[in-house]
Amino acid sequence: MNKYGVIIDTLPPKGGRIEILFRQAGDGFIQVEYGYEQRVELLDSFRILAADAKIKRKNAHGLIETLPSLRANMIHFDPTVLSPQKLIDMIKEIEESIPGVDDMVIESRIITLPIAFEDSQTKKAVELYLKQVRPDAPNCADGYNLEYMAICNGCTVADIKHMLLNTEWYNSGCGFWPGGGFFWPLDPRSKMNVPKYNPPRIWTPEGAVGIGGACLFTYTTATGGGYQLFGRTIPTFQFAMKHPMFKDGPFLYRPSGDRIRFVEASEKDILDIHEHVHDKTDYEYQIEDGELVVKDYLEFLSRDDVAKGAADFLARQKEGAKAAPRL
Amino acid sequence: MLKVVNGGIEILVEDWPGRLGYMGLGMAAAGAMDNLALQLGNLLVGNALTDAGLEIAGGYCEFEATDTGVLALTGADMSAALNGTPLPLWESVAVEKGDLLKFSHFGEKGFRAYLALRGGVDVPVYLGSRSTCLFGSYGGFEGRKLAAGDIVTAVKDSSAAGGGTSSVTGRKLNPKYIPKYSNIWELRAIPGPNSSPDYVTEEGMDYVFSSPMKISHNANRAAYRLEEVPDYFWARKDGGKGGSHPSNIVDHGYNMRGAINVTGNTPSVLIADGPTLGGFVCVANVINADLWKIGQGIPARDKAAFTLVTVEDAIEARKERNAMFEADDLFLS
């Protein structure tokens, strides 16, 4: 190992599993990385979350927290209590217990979120951006982002809304902003792709739903941001922890493979729900327990209509991306 | 027991080790920038190491005691005065109602001072910690820095507060344990997770570990930005699926606190309120035992000098630190 080498251990590929690298990341951190290649594959995330759940369940003394992302898991630990090698051995043992996709079943709730497209608050965010940041922004040319998203994907605004509503969105992990999840479409026919704002917005309202690249985000609090906006959903976070859903913590999403699906609603409905979450604290969230069986999902992906639909969309998207003004 | 008369640049309630366990939910640990000064202050007033104190960045602030109590001032010397008389650092003093505590500003060395109050600063515990996350506006004192008129009180029912005040008043830190302040802060660091040969050239890593880098004026509780690295730093042409610049990577969790994160060609040490996850490489991590130094670096003036160490060295340094807090000769009797 050269003096800057950081790969302290590996687990060779086996069955459907790619090589796993253990990267040194400090005296209290080890990054478990899945493969060398910078790729965006939900299959990697399924494996990471399946292993992550088992790591957490071990409740190892000295393990502080884990931070799973799309193709890596950052492990934070106290090395005076838990030695790096012991930690690696534990993770290896867990990985060996889930060799193939047949063994991957992820606890995954389905959370239904009403959304109002192009509501007045997210519209205000776009107006402010045009006024304060970039008056000539091509992604806001008609006063909102949906038209630009349609151009980028070679489709219509109606198609964009349909794609958002027509798939479940899978959370590969939370991070970046308190309570925020990174959501990916499970149906490849809904795999939109759009550039991010350049430069970013200064303000986005709580509840805004946006997409950057292929990743969807629901804004947990008002903040800046760079994702193209669809509209506004209900609260997915509550600092004050007043509503019973948030009695144990301010978070709605768990960092463990939650799925969300959107249903269209009016802006009035959304505003009412905000009031019933934050003020009256009596809104009933619609959440079903469930699991994501990876084998079933792979079968879904290989269905003729799904595969063909995805390929057709990808072709249109490629043409759209060429036509879309760069940001 | 202390009323803020003038909030100065930035006074925050912070504890240590901060809000651990929520990185996976997008919440940074926050916590004291200089955990060593805060913890020594706590011991000087008879508190637990984990109690909350006040972090004073820059200075220019003023307090009035609203009650009797014991406090200890540690960290950077800001020429603080109690009723006009210079207040010594690294020892505990009793205060009376009406006493005025006035800070000048940071001087030759160090940027943050800490006030430990006997009993610990009393703010609501939020998700296991009293620390303020300034960037997310939560925790600490209403999620914000202190302003004129705010009153901070000490925890009344703490184990420390029950023991009377006379036993700790006048307690002095043995000078040999006073941390060494500098203008070039030696930060021991461990490469990874993104290093040579796959992300950074060997010459690039040599640069990190041999060239003291000036701290930017734009250094705060989330990131201590440093001067740019040269173009030969990068071992790859772009970030592949992660983006067009070689500093890009498919979003991954950061080794926070202490990550040396590079965005474009600008390295930053991510600390306290920093991002927990993002799409840029992290080339090294400042060891836990040296995290305290980062926030003492004076923006736009001091430098950070990284020294290569092994994980074993770093674990040993942690143990030495823990042993120091237990040392028989920690205080002058």
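The model is predicted, so local features are reported only at pLDDT of at least 70 and side-chain atom pairs count only at pLDDT 80 or more, whereas totals for chains, interfaces and linings use all residues. Residues are numbered from 1 along each chain as its sequence is written, and chains are lettered from A and ligands numbered from 1 in the order in which they are written.

Chain A contains eight helices and 17 strands; helices (H or I, at least four residues) and strands (E, at least two) are DSSP runs, numbered from the N terminus. The radius of gyration of chain A is 21 Å, close to the 20 Å that the globule rule gives for 327 residues, so chain A is as compact as a globular protein of that length. This radius is taken over C-alpha atoms, and the rule is 2.2 Å times the number of residues to the power 0.38. The C-alpha trace of chain A spans about 55 × 50 × 40 Å along its principal axes. Buried residues make up 44% of the 327 residues of chain A. A residue is buried if 20 or more other C-beta atoms, placed from the backbone, lie within 10 Å of its own, exposed if 12 or fewer do, and partly exposed in between. Among the contacts in chain A with a separation of 6 or more, 63% join residues 24 or more positions apart, a contact being a pair of residues whose C-beta atoms, placed from the backbone, lie within 7 Å.

Chain A is assigned domain 1 (7-100) and domain 2 (110-323), with bounds taken from an automatic or database domain assignment. The centres of these two domains of chain A, over C-alpha atoms, are separated by 29 Å. Nine residues from domain 1 of chain A and nine residues from domain 2 of chain A form the contact. On the domain 1 side, α1 (42-58) and β4 (63-68) of chain A each give two or more residues, and α1(A) gives the most, with five. That side has seven nonpolar, two polar and no charged residues. In this classification Ala, Val, Leu, Ile, Met, Phe, Trp, Tyr, Cys and Pro count as nonpolar, Asp, Glu, Lys and Arg as charged, and the others, Gly among them, as polar.

Chain B is divided into domain 1 (2-177) and domain 2 (184-322), whose centres, over C-alpha atoms, are 28 Å apart. Their contact takes 19 residues from domain 1 of chain B and 17 residues from domain 2 of chain B.

Between the chains, 41 residues of chain A and 42 residues of chain B take part in the contact. On the side of chain A, β4(A) gives the most, with five residues. By class, this side of chain A has 20 nonpolar, 15 polar and six charged residues.

Helix α8 (residues 304-323) of chain A should span 28 Å for its 20 residues at 1.5 Å a residue, and its end C-alpha atoms are 29 Å apart, which agrees. The expected span is 1.5 Å times one less than the number of residues. Helix α8(A) is hardly covered, with two buried residues among its 20.

Conventions: Two residues are in contact if their C-beta atoms, placed from the backbone, lie within 7 Å.
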